Amino acid sequence: MDPSDWNVLPDLVLLEVFSQLGDEDRLTTALVCKNWHRIFQSPQLWRTRRVIFSAENPFTVATKSLGFLRSFGKNLKHLTVGFSTPTFRNAKQISKAVELFFRKASRISDLRISEFTLQNANMEVRWHFILSRNRIVSALCMFLKSLQEVSLINLIAAKMSLTDGCRVLESLGRGKAYKTLKTAFIEDMFQAHVSPNRHKRYTSAITRFKSISWMYTNYDTINSVILSNISKHMGKKFHKLTLTIDSDVSSNIIQNKDWNDFFNNCQNVEVVLYIYASAFKQDVPSILVSGIPLKEIDIVSWPSTESARRALESQISRTLGHISTTFCHRLECLTLHLDRNPPIDSDLLLVLRRCQHLKELNLYCKLKVETVQAMCQMQQQRMIDLHAITLAIHGLSETEWRTLTAVRVDLIEAVSRRKSRLLCIGNVEN
């Protein structure tokens with residue numbers, strides 16, 4: 001290539017080259033010529049930033065990251081702040097560096113972050129030192145309150161105490177986020193033994209937000225007051241509620257009337273449930289009341305204790321029967337991720353026959369080949385209308401696998417008529 005050809009490279013090509021480089025290499029490359037320096041200043045290069053604090057030079061990380069925010073903060077849209085595992089020796093230094101970063105970042109006036117993620121916080125396990133933890137939470141609250149245009153907040157697995165979690169939500173609510181926040185990912189934001197929906201302070205904090213359209217959280221962080229607030233302020237703008245059930249919520253079951261009132265006002269909403277094995281120590285069908293506008297349900301047997309797995313095995317048949325009866329006119333996606341399960345073939349076929357709106361089926365479990373053949377026939381005869389199907393079947397013998405391979409062609413053809421997603425079938429060893 002003639003050296004002069006570099007001068008006529010399209011901006012899109014140069015942006016792609018720059019995007020593959022680290023900060024120091026970008027700076028060095030920007031010194032080559034005026035055109036490349038112009039590309040270096042392009043806002044598209046500085047939309048995302050990930051700041052990770054570890055025992056190695058945490059104050060250097062804080063200082064450099066603040067320098068970046070001052071130079072390119074007006075272009076930044078996605079900020080992630082995370083931690084390595086603190087120890088007794090380094091927790092104090094890491095927390096002081098994080099405090100420095102958050103407090104000074106909150107004073108940068110032209111910062112326009114739209115998405116913020118707190119990564120690997122896990123306050124319950126990693127921050128046993130009260131002073132260090134309080135230092136981080138206080139600085140985080142100051143930073144969140146200062147955000148001007150945040151539309152997405154991700155606090156998944158923060159594992160905060162009730163007090164700390166409420167402080168964080170209150171800080172968000174006191175800033176402009178209560179008007180701008182659209183998406184809240186707060187699954188496992190609180191410690192495992194905490195049920196926030198029982199506490200007025202939490203309910204008051206979470207009901208301050210008026211613009212959320214998607215919330216991903218735990219079942220025990222929702223109650224009738226919160227659903228009513230969503231109905232009143234978000235209404236048809238609220239599109240998705242994703243809930244995980246991984247603990248005993250039997251004392252805080254949301255009643256059918258509350259779900260019906262919620263759906264009457266939020267008619268565009270889709271509810272997605274992830275039910276883990278640890279939830280099956282209670283009566284799961286009693287939680288799945290008919291008023292839930294349920295579009296997707298995922299039942300997952302891992303990670304869990306042996307007693308939780310046994311509880312799931314004892315209830316899975318009755319739970320599938322309940323789903324097929326209660327949500328036959330709403331359910332569109334079913335996923336079963338069971339690393340060990342009793343026979344569910346007849347229960348699964350019953351779900352397929354009854355749930356006429358089911359469009360997606362994902363099965364990672366033990367099934368008979370005859371069940372797959374029956375599913376194929378149902379699809380061919382248009383008794384069901386699956387758009388996508390994934391099968392990963394446990395413990396097939398060689399003979400069964402050869403039979404399934406033969407069925408595979410027919411099933412792919414039956415599903416692919418929808419011109420939809422590709423079907424995948426696999427054999428998983430025990």
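**Backbone, helix packing and overall build**

Reply: In this predicted model, arginine 382 lies in the loop that runs between helix H16 (369-380) and strand E12 (388-394).

Me: What is the phi of arginine 382, and is the residue buried or exposed?

Reply: Most residues other than glycine have a negative phi. Arginine 382 is not a glycine, yet its phi is positive, at about 60 degrees. Exposed means a relative accessible area over 50%, and because arginine 382 has 67% relative accessibility, the residue counts as exposed.

Me: How are H4 and H5 oriented to each other?

Reply: Helix H4 (residues 58-72) packs with helix H5 (residues 91-105) at an angle of about 15 degrees, and their axes are 8 Å apart. The crossing of H4 and H5 is right-handed. Angles under 35 degrees count as roughly parallel, and therefore H4 and H5 are roughly parallel to each other.

Me: Which residues of H4 and H5 meet, and how many of the contact residues are nonpolar, polar and charged?

Reply: On the H4 side the contact is made by Pro58, Phe59, Ala62, Ser65, Leu66, Leu69 and Arg70, which meet Gln93, Ile94, Lys96, Ala97, Leu100, Phe101, Lys104 and Ala105 in H5. The residues of this contact divide into 10 nonpolar, 2 polar and 3 charged.

Me: What percentage of the residues in the chain is buried?

Reply: The chain has a secondary structure of 17 helices and 13 strands, and its C-alpha trace spans about 65 × 65 × 45 Å along the principal axes. The chain exposes about 20,400 Å², of which carbon and sulfur atoms supply 51%. Of the 430 residues in the chain, the buried ones make up 50%.

Me: Among contacts between residues at least 6 apart in sequence, what percentage joins residues at least 24 apart?

Reply: The count concerns contacts in the chain between residues at least 6 apart in sequence. Within that set, the share joining residues at least 24 apart is 80%.

Notes. Residues numbered from 1 in each chain as written. Predicted model: local features only at pLDDT ≥ 70, side-chain atom pairs only at ≥ 80, totals over all residues. Heavy atoms only, no water. Axes fitted to C-alpha atoms, helices over the stretch in contact; angles between N-to-C directions. Helix = DSSP H or I, 4+ residues; strand = E, 2+ residues; numbered from the N terminus. Parallel < 35°, antiparallel > 145°, perpendicular 65-115°, else oblique. Left-handed = near helix turned anticlockwise from the far one by under 90°. Contact = heavy atoms within 4.5 Å. Nonpolar A, V, L, I, M, F, W, Y, C, P; charged D, E, K, R; others polar. Buried < 20%, exposed > 50% of the residue type's maximum accessible area, 1.4 Å probe, protein only. Areas by Shrake-Rupley, 256 points an atom, 1.4 Å probe, with all protein chains shown as cover.
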